Amino acid sequence: MLLRNNSLIEKIIEKLKNLLYQSKILFLYSRIPFNIKYLFLNAKTPKSINLSLSVRCQAQCIYCPKDRGSRIFPKDMSFQTAKIIIDQQKNKNYKGRWLISENGDPFLNNEWYKITKYLRDAFAENELIIFTNMGLVNINVAEKILSLRPKAIIFNMDGATADTYEYVKKGLDFIEVKNNIINFIKLRNSINSECRIIVYIISAYRYLKTFKKDTSGFIDDTEDIVSILKPYIKSGDNIVRKCTIGLWHLRESLNLRKDNICSQIIRILCELFVAPNGAVYPCCSMYNADIDIGNINYEKIDQIWHGKKREKFLKHLFNKNYSEIGKPCSICVY
Ligand code: SF4
């Protein structure tokens, strides 16, 4: 009876926590002492684990920080490192979401399929989301991706012609990527895969208008991009025409002193990120794993999640002590 009551209480507490995350009530009660917030708001385990299979990216997007991943070595996550996390989480019966990849294109990692297949075999039912620039997603890669039953694939398509696309993505070939995208969606449709397609658009025009005030003669081709995709997309897919262009790529040059509450706190209470070298960091804006809260080569995810380093980081974050945390939080634009 007592056991049953305990599990009922645990369920109620979990429900309350979920409500708190969703309603962002945290902000309304920002005067509550940190220890109480931490006790109630910190998830028991992460709800989302982001594996950075590679910090390399061939796209060289105009809106991406130039030093992204430059201080992380090795550049690609080994199978052995990925296996440590996957095995640990399997033993913990992890029910959360897996995101592949973070901070680079996963398909530049020669072991991407071995790693992701191992993950999918270990977690048959968990949500799996893949981020890519689509540069390497030829038909063979597309077949492999779809065999892993991802819930969604997320990519940007930032131009409707070679001129506009390659202005934004200097390292990719428009025709090749366009074919990859269309062939992927056609294959997805033909096998009735449940993989959703989520496309973000940042046109050259919009980028230039936002940051340079001079559009260099480009016209906004957002609707032309939509027209290319429209014949293939299905209900449930999503084309995000006006996605926010992150100011983060300019933060070093802006060097603003942050004093507002971190807008990502809710996510940070649920997610963690693992760099190719096993370093665990709490926020995707830390693209050089600048603030590492542990390393899965030496500690278990559970120990890191409930560990002193993460708790101290959260305390400073909640209290807006950004100078104590240092960069990138001290100059963060979010
Ligand atoms: S870098 Fe720091 S301040 Fe910026 S979003 Fe991430 S945790 Fe928040």
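1. Strands E5 and E6 pair in the parallel sense over three bridges, where strands are DSSP runs of at least two residues (E), helices are runs of at least four (H or I), both numbered from the N terminus, and two strands count as paired if DSSP finds at least two bridges between them. Within this pairing Tyr-200 stands opposite Val-240 in E6.

2. Please keep in mind that this is a predicted model, in which local features need pLDDT of at least 70 and side-chain atom pairs count only at pLDDT 80 or more, whereas totals for chains, interfaces and linings use all residues. Residues are numbered from 1 along each chain as its sequence is written.

3. Strand E5 (residues 196-200) also pairs with strand E4 (residues 152-156), again in the parallel sense, over five bridges, and Ala-152 has Arg-196 as its bridge partner in E5. In a regular strand the side chains alternate between the two faces of the sheet.

4. The open sheet has nine strands in the order E6-E5-E4-E3-E2-E1-E7-E8-E9, with mixed pairing. Strand E6 (238-240) and E9 stand at the edges with a single partner strand each, so one side of each is left without a neighbour in the sheet. Elsewhere in that order, strand E1 (residues 48-51) and strand E7 (residues 271-274) pair in the parallel sense over four bridges, with Phe-273 in E7 as the bridge partner of Asn-50.

5. Leaving aside residues up to four places away in sequence, Trp-98 touches Ile-49, Leu-51, Leu-119, Phe-123, Asn-126 and Leu-128, contact being defined by C-beta atoms, placed from the backbone, within 7 Å.

6. Glu-299 lies in the loop between strand E9 (294-295) and helix H13 (301-305), and it counts as partly exposed because it has 17 C-beta neighbours inside 10 Å. Not counting residues up to four places away in sequence, Glu-299 touches Gly-294 and Ile-304.

Methods:
Buried ≥ 20, exposed ≤ 12 C-beta atoms within 10 Å, placed from the backbone. Contact = placed C-beta atoms within 7 Å.
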